[in-house]
Amino acid sequence: MKKTLQDLTIKDNFMFGAVMTDPENCKGLLELLLHKKLDRIIVSTEKSMIYHPEYKGVRLDVYAKDDTNTRYNIEMQVLRKSTLGKRSRYYHSQIDMDLLLSGSDYRELPDTYVIFICDFDPFGFGKYSYSFYTACREEGSLAFNDGLYTIFLSTAGKNESEVPEALVSFLKFVKADLSESSKDFHNEYVRKLQRSISQIKENREMEERFMLLEELLQEEHEEGLRQGRIAERTENIQRLTDLLFSLLKKFDKLPDSLFEKIEAEKDPDRFMQWIQFAAESASLPDFLSKIE
């Protein structure tokens, strides 16, 4: 059943993006993750919650920068994916490419953080947070200072004593279903997010944006299915063509017109008939008479 705006929680990509377009909400989240105060956050709304063909569909992550020009890309991940590492590499490279194309020199590239909030344990070690940066394998204390940082948060963490209580409260809020998400998580930042979600659900414009996004996602899904069917059909035709040619090798001489006919054929059922004819035919003329 299709979700409505009223059914969404913070873990739904649209709601997460809508909540985090508020700079104060985004700033609060980054301060929670980085364990430091930030003076100001600018959220780039033109790079969030819009349709980007070059990004292979609808991009729903949050893109922001602080007053030191550090860049942040934050994404909610509900479904487990095996390529999160490569996905983070892609996001880091996209941030750098955007900056370089805008005229920045590579020596001026700022620090970048790619942050995934996962509703599962991405690595299986029971941690609420996994932080990565580039370091020397032979000398672990030697940092590379390339300015690339990747953080994975997990709602399935078990190490509460090792992380701030506020972060645990936030991740429990992320994990909560619709009925649980309105309870008191004893954290002021979570209460602020709950108020933002209530305001978004009462906003007619946000409801229209959500409906538009749902239409885009449905169209993208249908197009993906169509392309998948085309790819499968093309692969099947190629396999049948190869099989037919292997069967036709039993005949000494194959006329060019036969090759042209086979190459032009697009019907898998027809190919199956030809394969049967080729298997049963004792001579090339016999086969040719059957496929006319």
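The following dialogue explains the terms applied to this predicted model.

Guide: In this predicted model, local features need pLDDT of at least 70 and side-chain atom pairs count only at pLDDT 80 or more, while totals for chains, interfaces and linings use all residues. Residues are numbered from 1 along each chain as its sequence is written, and side-chain values use heavy atoms, with hydrogens and water left out.

Visitor: How many helices and strands are there in the chain?

Guide: The chain has nine helices and eight strands. Helices (H or I, at least four residues) and strands (E, at least two) are DSSP runs, numbered from the N terminus.

Visitor: Why are α2 and α4 called oblique to each other?

Guide: The axes of helix α2 (residues 23-34) and helix α4 (residues 165-175) cross at roughly 125° and come within 9 Å. Axes are lines fitted to C-alpha atoms, for helices over the stretch in contact, and angles run from 0 to 180 degrees between N-to-C directions. Angles under 35 degrees count as roughly parallel, over 145 as roughly antiparallel, 65 to 115 as roughly perpendicular and the rest as oblique. The angle of α2 and α4 belongs to the rest, and these helices are therefore oblique to each other.

Visitor: Which residues make the contact of α2 and α4?

Guide: Leu29, Leu32 and Leu33 of α2 meet Ala166, Leu167 and Phe170 of α4, where contact means heavy atoms within 4.5 Å.

Visitor: What makes Thr9 count as buried?

Guide: Buried means under 20% relative accessible area, exposed over 50%, and partly exposed in between (1.4 Å probe, protein chains only). Thr9 has a relative accessible area of 6%, so Thr9 is buried. Thr9 lies in the segment before α1 (13-20). Not counting residues up to four places away in sequence, Thr9 touches Met15, Ala176, Asp177, Leu178 and Ser181.

Visitor: Which residues touch the most other members of the largest nonpolar core?

Guide: A nonpolar core is a set of buried Ala, Val, Leu, Ile, Met, Phe, Trp, Tyr and Cys residues joined through side-chain atoms within 4.5 Å. Of the 46 residues in the largest one, Phe16, Met20, Cys26, Leu29, Ile74, Ile117 and Phe170 touch the most other members.
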